Amino acid sequence: MKKQPRSLWQRFAISLPYAWLVAFFLVPFLIVLKISFSQGAIALPPYRPVLDLTAGWQGIERFFTGLSFDNYRLLGSDPLYLLSYVKSLEIAAFSTLMLLVIGYPIAYGMARTPRRLQAVLVVLVMLPFWTSFLIRIYAWMNILQRDGPLNELLMTLHIVREPPVWLATDTAIYIGIVYSYLPFMVLPLYAVLEKLDESLLEAAADLGCPRWKTFWLVTLPLSSPGVLAGVLLCFIPIVGEFVIPDLLGGSRAPMIGQTIWMEFFGNKDWPTASAVAIVLVCLLVTPIVVFQHQAMRGGERS
Amino acid sequence: MQITGAKDRPTKSSPASVDGNPRPLLRIEGLSKRFGSFMAVDRLSLDIHAGEFFALLGPSGCGKTTLLRLIAGFERPNAGRIVLDGVDLAPVPPYRRPVNMMFQSYALFPHLTVEANVAFGLKQEGLPRGEIAGRVADMLALVKLESLGTRKPNELSGGQRQRVALARCLVKRPRVLLLDEPLAALDKKLRDLTRFELMELQRQLGLTFVIVTHDQSEAMIVADRIGVMDRGRLMQVAAPDEIYERPGSRWVADFVGDINLFEGRVGDDRLSVEGTAAGRLRIAAPIGAEPRTPVWVAVRPERIRLSHDKPPNLENCLAGTIVEIGYLGDVSIYQVRIADGSRVKAAVANTDGNGGDSPQPADNVWLSFSPEAPIVLMR
Ligand SMILES: Nc1ncnc2c1ncn2[C@@H]1O[C@H](COP(=O)(O)OP(=O)(O)O)[C@@H](O)[C@H]1O
Ligand SMILES: [Mg+2]
């Protein structure tokens with residue numbers, strides 16, 4: 001490969017995403033990383049050591065010797081954190097699976113409707129975004145209340161005799177998450193299914209493959225990039241989800257987002273909160289790296 | 001076997017049923033397909049015989065692909081039936097029809113290797129692994145792709161992809177193989193080569209091929225019989241030489257190769273046509289129409305002689321001025337303006353180089369042809 005000399009404009013354009021990442025990801029990440037190695041203190045800011053550049057070399061030295069792994073040891077010793085991580089991963093995994101099971105048929109149906117209607121359906125899928133996310137979750141709080149519309153419906157239809165409790169349960173969390181994240185699963189799936197070459201399905205039929213089998217042998221493998229994109233787009237933010245479990249879920253077993261919030265704002269323990277956050281980032285970076293790897297392998301082929 | 005209402009209807013016999021072959025392999029009867037108000041296939045009847053290489057020839061958009069898709073089962077006909085081996089295909093879904101189609105786009109599975117693409121159809125039949133592997137290997141060898149079995153389609157050239165598509169169909173040993181413009185995406189050199197390989201394969205495997213093409217020379221070379229299509233209808237079904245020498249209509253004569261047409265009326269002796277732009281034209285064989293019937297006389301450019309000097313016999317000759325010369329290498333096409341202002345084309349083989357007396361533009365020349373050359377057309 002021969003490198004062409006790049007124009008100033010090109011270099012600027014290329015550097016933009018990097019600049020964005022440095023400013024809004026790398027710098028905050030490093031700050032949080034630094035805090036996670038500090039100790040809590042009743043001061044402002046509420047941790048020690050603070051980097052004091054006015055003290056020169058000595059100040060830097062004092063800063064580095066003041067850092068420790070204590071917060072990470074704490075994470076290992078207190079089961080609260082571990083349970084919190086497990087719960088978050090569990091909820092994220094199950095709800096992503098549910099999203100896939102619900103979202104795939106929706107996306108498939110959209111891609112198979114006549115072209116003219118498809119644009120309308122895409123708008124309909126995105127319609128919830130026109131209302132603030134927070135307001136929609138409040139609406140769900142109302143729906144799921146003991147004397148809310150859901151229970152009213154269930155009672156009128158004689159499905160239940162006693163109104164069940166929805167709020168402050170994991171079920172409510174799942175309902176909220178699946179409802180909120182569905183567009184993020186449907187849209188990437190729709191994007192690949194809509195591009196799927198119809199003649200491939202006909203070729204499969206021509207070669208003796210019934211429709212249901214064609215789905216497994218052709219449609220599903222060819223839509224795997226969309227499945228992967230949808231899964232990542234849902235799984236990663238769901239792991240760190242805070243608002244939905246906080247408003248719809250119970251307080252017994254918090255998700256990791258709630259734990260971080262507790263440490264930061266409840267206990268004012270910034271260093272522990274930071275350590276929890278750093279571990280979370282590391283947990284989430286793994287699937288992204290896997291995804292990248294997959295994408296690279298796919299890219300080499302085409 | 002399904003008994004449909006259409007069965008009791010009297011069927012029009014195909015214009016070219018082969019003698020001594022009582023039942024065709026594939027019989028198409030009064031088949032119609034409408035898209036909205038547009039008739040893509042219009043009351044089409046056709047018989048195809050076992051072991052035949054049949055070509056559907058027609059301009060783009062005349063319904064060739066639609067006809068193949070009807071046979072393969074991807075489209076449902078609005079009327080008519082398709083009978084294979086005596087069985088009405090109407091209730092048979094595409095995946096159970098013993099025909100295979102090679103798509104114009106090839107439609108190779110991009111996520112599968114060449115081997116897996118070729119094996120796909122055999123796996124659906126539930127054959128034992130060993131047999132599948134053996135047949136796939138044989139087929140890949142037959143189309144000279146044995147070294148590329150583990151590649152994915154997007155790692156192949158256009159010609160290689162075409163072979164994979166062909167192998168994927170052939171390995172199923174279909175009763176009828178439908179090929180939709182199988183050579184259209186190849187460059188000319190490869191197309192010429194592949195054409196002969198296709199004929200060779202068809203003969204070797206003893207299969208029945210129905211090929212779709214808009215390229216008349218391709219149809220002429222490969223096919224035993226050609227069906228010429230226009231606007232959803234079959235205009236003529238015949239052997240290539242018959243289509244060329246004895247076209248059934250002006251449209252076919254004009255579509256297949258170049259032709260000069262002269263309008264006139266049948267002479268009283270039925271051995272001439274009078275009142276054409278070239279005067280009275282003599283015809284060798286008696287015309288099967290009443291005297292004074294309006295007809296067209298068609299003459300192929302290569303049957304027309306071109307000379308500076310007036311030919312000795314005065315029949316079937318006309319004077320004109322050369323307006324244009326198209327040099328094609330092996331032949332040159334001379335466009336000659338005749339007395340009534342119309343143009344006549346004459347093809348002259350460039351056999352002995354450019355002699356000193358070769359005609360030039362604006363030369364006054366004589367055109368002539370023998371009484372055997374013209375084709376008399378009623379419509
Ligand atoms: N699915 C369809 N819907 C509407 N019109 C169609 C459809 N398929 C084909 N046609 C029309 O039918 C005609 C014949 O098409 P086709 O069989 O593909 O022609 P060919 O293969 O001879 O070029 C064309 O005018 C085309 O526009
Ligand atoms: Mg076509």
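1. Accessible areas in this note come from the Shrake-Rupley method with a 1.4 Å probe, and for residues only the protein chains shown count as cover. On that basis the accessible surface of chain B comes to about 17,800 Å², with 50% of it belonging to carbon and sulfur atoms, while chain A has an accessible surface of about 18,300 Å², of which carbon and sulfur atoms account for 71%.

2. The structure is a predicted model, in which local features need pLDDT of at least 70 and side-chain atom pairs count only at pLDDT 80 or more, whereas totals for chains, interfaces and linings use all residues. Residues are numbered from 1 along each chain as its sequence is written, chains are lettered from A and ligands numbered from 1 in the order in which they are written, and side-chain values use heavy atoms, with hydrogens and water left out.

3. Chain A contains 14 helices and two strands, and chain B contains eight helices and 20 strands; both kinds of element are DSSP runs numbered from the N terminus, helices being H or I with at least four residues and strands being E with at least two. Along the principal axes, the C-alpha atoms of chain A fill a box of roughly 75 × 70 × 35 Å, and those of chain B fill one of roughly 75 × 55 × 40 Å. The radius of gyration of chain A is 25 Å, whereas a compact globule of 302 residues would have one near 19 Å; this radius is taken over C-alpha atoms, and the globule rule is 2.2 Å times the number of residues to the power 0.38.

4. Burial can be set out for each chain, with buried meaning under 20% relative accessible area, exposed over 50%, and partly exposed in between (1.4 Å probe, protein chains only). Of the 302 residues of chain A, 34% are buried, and of the 379 residues of chain B, 50% are buried. Among contacts with a separation of 6 or more, residues 24 or more positions apart account for 71% in chain A and for 66% in chain B, where contact means heavy atoms within 4.5 Å.

5. On charge, Lys and Arg count as positive and Asp and Glu as negative, while His and the chain ends are not counted; each charge is placed at NZ of Lys, CZ of Arg, CG of Asp or CD of Glu. Chain A has 22 positive and 19 negative side chains, with the centres of the two sets 9 Å apart, and chain B has 49 positive and 45 negative side chains, with centres 8 Å apart.

6. The contact between the chains takes 18 residues from chain A and 23 residues from chain B. About 1,800 Å² is buried between them, and carbon and sulfur atoms give 59% of this area. Y95(B), H111(B) and Q124(B) supply 31% of the area that chain B buries against chain A, more than any other three residues. Buried area here is the accessible area (1.4 Å probe) that two parts lose on being put together, summed over both.

7. Some backbone geometry deserves a check, because most residues other than glycine have a negative phi and most peptide bonds are trans. In chain A, a cis peptide bond with omega of about -5° joins L44(A) and P45(A), and P45(A) is in the loop between β1 (39–40) and β2 (47–48). Another cis peptide bond, with omega of about -10°, joins R48(A) and P49(A), and P49(A) is placed in the loop between β2 and α2 (56–66).

8. In chain B, E181(B) has a positive phi, near 40°; this residue is in the loop between β7 (176–180) and α5 (188–205) and is buried, at 8% relative accessibility. R292(B) also has a positive phi, near 80°, and is found in the loop between β13 (279–282) and β14 (294–299), where R292(B) is partly exposed with a relative accessible area of 47%.

9. M102(B) lies in strand β6 (residues 99–102) and is buried, at 2% relative accessibility. Leaving aside neighbours within four places in sequence, the contacts of M102(B) include L178(B), L179(B), D180(B) and P182(B).
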